[in-house]
Amino acid sequence: MTFCLASIVRDHARTTPDAAALTYEGATTSFGDLDERSSRVANALVGAGVAPGDRVAVLAKNCPEFYEIVFGCNKIGAIVVGLNWRLAAPEIGAIVADSSPALVVVGSTERDLLTAADVPSELQVVGLGSAYESWIAAASTVDPGGVGAPEDVALLLYTSGTTGVPKGVMLTNGGMSFTGRIGAETWGMTAASVNLVAMPLFHIGGIGYGLSTMAQGGHTVLMREVDTVAIIAAIAEYGVTHSFFVPAVIQLLLATPGVEDADLASLELLTYGASPIGDAVLRRAIEVFGCGFMQVYGMTETSGTVVALRPQDHHADGDQSYLLRSCGQALPWVDLRVIDPNTLSDVAQGSVGEIWLRSGMVTAGYWNKPKESSEAIVDGEWLRTGDAAYQDASGYVYLFDRFKDMIVSGGENVYPAEVENVLHDHPAVGEVAVIGVPDERWGETVKAIVVVKPECSIDAAELIAFARTRLAKYKCPTSVDFVAVLPRNASGKVLKKELRLTYWHGAERAIN
């Protein structure tokens, strides 16, 4: 049987229509109801002129409607574009311009991000709430019956490249078909599982992971956003068995008052990834949550997880404790190589090179970017990740760095070049280098090191405020240092490694 994302809700609506599919803010939707509402969405989209291959964008914090739109679009062959509500309006506008959606569904608190200056006036906009409910209520409940081919694009999720320029990653039905297999075979999910989803659905770590238990016919508990008190309460209330968090969220959960006394007995597995986790944090988390832990490595371009460090490899002590420095082994349906980026040959075991991946999970390429697609996917099959790592004799992968200068703040990737380009626009900035520095809450945060132009003046607060008019808050500097000169090598390149030494002295960082 051909898989498409809509198969998830169709199959379980047919076999277990009354089973709980999705709970949000105390209200639970069954698989039968979710299937019916997604069919209404599909027919409402057709009525709005949306055709197969057209894009439908969603700009909203986590909500049940996101799932309805994903399934509804898939039923008619339309493509869902996840818009990152953490971005600034000009950034949203750039993605809208690139993806050219036929329609966008927007939350009330995110409506201001669709400014007239950044999006076309003819763009159809449906607001969540009463407008959305009226829109779908007028549509038929009959499933349009569309069944996409494996190569058809289902999701278009935007990620920044090393230059910070957004790229739309095309995820196909075939690539996303592994979601259910990962849930069952890697995470041990069944129809009895209860999965708490708090990561944003515009990320693969949100929507990809967020479909894993649903694919088994299990129950998904959706959080609007990360709220550690609410997460801890929901674990007890709904008997949550699985969840995924970035390390920064795990650290916040551990700092939440009362977590040691909370009822967490239902938990079976907590999965973590997207940034490094400290040994002390992991050890305490294992002690407090009392369940299995699994580290995962993946990216938007791989439709999610491709490497996993399983619970049995989480040895806090003993002669195998070194495995905690690994992100695990490739999943059975993933081929992984470590390549010398200069010679394009496999490196020797234990030597550092670039991770290359081959799997049915790999993206079809980048939207409207054939050159970047051909550069990233070698011979149409091997994805060049840009991540440096080495592999041991047992196939365990050890990340050496991630794009060298990239900053990972709270699980979000921040590319210095993008921030530097914005700061350079300030008339008082002569030179600037952006680096990541330690932060107790987010792991890393953004610091700008600035050389001010002669006869000009500027303070840190002014420069930070300037950045926030152009960039998402998480990308903006949280501190600024002013220097007379930036260290450079003989070719004039800024020595960022040297700059970081001052701030990372005595601290562990995955990127040197």
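User: Which residue stands opposite L383 in β20?
Analyst: L357 stands opposite L383. This is a predicted model, where local features need pLDDT of at least 70, side-chain atom pairs count only at pLDDT 80 or more, and totals for chains, interfaces and linings use all residues. Residues are numbered from 1 along each chain as its sequence is written, and side-chain values use heavy atoms, leaving out hydrogens and water.

User: How do β17 and β20 pair?
Analyst: In the antiparallel sense, over four bridges. Strands are DSSP runs of E with at least two residues, helices are runs of H or I with at least four, and both are numbered from the N terminus. Two strands pair if DSSP finds at least two bridges between them.

User: What about β16 and β17?
Analyst: Those run antiparallel too, joined by five bridges. V338 has I355 in β17 as its bridge partner.

User: Why is β17 largely enclosed?
Analyst: Because five of its six residues, in the stretch 353–358, are buried. Buried means under 20% relative accessible area, with a 1.4 Å probe and protein chains only.

User: Switching topic: what is the strand order in the open sheet of nine strands?
Analyst: The order is β2-β1-β10-β9-β11-β12-β13-β14-β15, with mixed pairing. The edge strands, β2 (27–30) and β15 (329–330), each pair on one side only.

User: How do β9 and β11 run?
Analyst: Parallel, with two bridges. L196 has S243 in β11 as its bridge partner.

User: Which strands does helix α10 touch?
Analyst: Helix α10 (residues 247–254) touches β11, β12 and β13. Contact means heavy atoms within 4.5 Å.

Terms used
Buried < 20%, exposed > 50% of the residue type's maximum accessible area, 1.4 Å probe, protein only. Axes fitted to C-alpha atoms, helices over the stretch in contact; angles between N-to-C directions.
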